[in-house]
Amino acid sequence: MLIERLKGADYSNCTDTTSMKSSNDYHPGLYTRQGCFKTCVQQKTIEKCGCANAMYRVPANVQTCDLLNYHCVEDVATSLSFETECTCPLACQESQYISSVTSSQWPARNYEPYWKQSMQSRGGALKKLLDKDSTIKLSEEFLKVDIYFNTLNYQHYKEKASMTFEDLVGSIGGHLGLWIGMSIISFVEVFELIVALVAVCTKNVYRRKKRKHNFATEAHKMT
């Protein structure tokens with residue numbers, strides 16, 4: 001199962017760190033939140049008790065806690081607040097595997113003679129062992145381990161923003177167009193109307209001033 005989370009403070013505080021390079025002595029390998037918590041516990045134990053908890057990976061040049069430090073180690077493990085004292089964000093990308101373990105008797109009683117005969121035909125030390133002790137119980141001395149994927153299909157979970165900035169602008173424009181009938185053409189027409197009104201008002205003012213000036217000039221000539 002593959003999980004991808006959105007990066008950024010607007011969505012989550014996940015980290016895109018792929019490895020725990022800064023804490024390889026505590027938990028080597030890929031970054032996991034569980035590994036980060038274990039690292040935090042071990043660091044707090046070393047800081048407060050002066051030794052390392054034997055239940056976790058012990059860094060080099062650090063002494064393992066003995067029974068004399070048991071109470072200190074136990075206090076750290078039980079009183080530690082992971083949410084406030086440990087900085088372990090979720091990984092922005094992580095893979096999770098669902099594992100299961102099943103067991104049964106092997107080889108089955110009906111199959112046991114055929115399997116024993118097949119092993120004896122191969123010769124070597126195994127043949128000598130089976131020929132030497134005919135009372136050997138194969139189910140107690142041998143085991144078969146099968147490791148396999150339960151299915152080759154996988155699930156991919158990817159976070160997506162429910163609304164981006166472009167979606168927000170488009171939504172606002174759509175609502176304006178729906179409720180008050182506004183659009184880009186409407187804004188252009190309103191702007192054109194305002195310019196026309198300003199032009200008409202300016203022309204009227206200019207005409208009035210010109211009339212007053214002409215009237216004053218004629219009156220001066222008459223006197």
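**An exposed loop residue**

Asn61 lies in the loop between α1 and α2; helices are DSSP runs of H or I of at least four residues and strands are runs of E of at least two, numbered from the N terminus. The model is a predicted one, in which local features need pLDDT of at least 70, side-chain atom pairs count only at pLDDT 80 or more, and totals for chains, interfaces and linings use all residues. Residues are numbered from 1 along each chain as its sequence is written, and side-chain values use heavy atoms, with hydrogens and water left out.

Most residues other than glycine have a negative phi. The phi of Asn61, however, is positive, near 65 degrees. Asn61 counts as exposed because its relative accessibility is 84%; buried means under 20% relative accessible area, exposed over 50%, and partly exposed in between, with a 1.4 Å probe and protein chains only.

**The α1–α2 pair**

Two packed helices are described by the angle between their axes and the distance between the axes. Helix α1 spans residues 33–49 and helix α2 residues 70–79; their axes come within 10 Å and cross at roughly 140 degrees. Each axis is a line fitted to C-alpha atoms, for helices over the stretch in contact, and angles run from 0 to 180 degrees between N-to-C directions. The two helices are therefore oblique to each other, since angles under 35 degrees count as roughly parallel, over 145 as roughly antiparallel, 65 to 115 as roughly perpendicular and the rest as oblique.

On the α1 side, the contact (heavy atoms within 4.5 Å) is made by Val41, Lys44, Thr45, Lys48 and Cys49. Helix α2 contributes Cys72, Val73 and Val76.

Leu30 is placed in the loop between β1 (2–4) and α1. With a relative accessible area of 64%, Leu30 is exposed. Leu30 and Glu94 are 64 residues apart in sequence, and their C-alpha atoms are 9.5 Å apart in space.

**The chain as a whole**

The chain contains 8 helices and 3 strands. From the N terminus on, these elements follow the order β-α-α-α-β-α-α-α-β-α-α.

Of the 223 residues in the chain, 18% are buried. Among contacts with a separation of 6 or more, 52% are between residues 24 or more positions apart. The chain exposes about 18700 Å², and carbon and sulfur atoms supply 56% of this area, as computed by the Shrake-Rupley method with a 1.4 Å probe.
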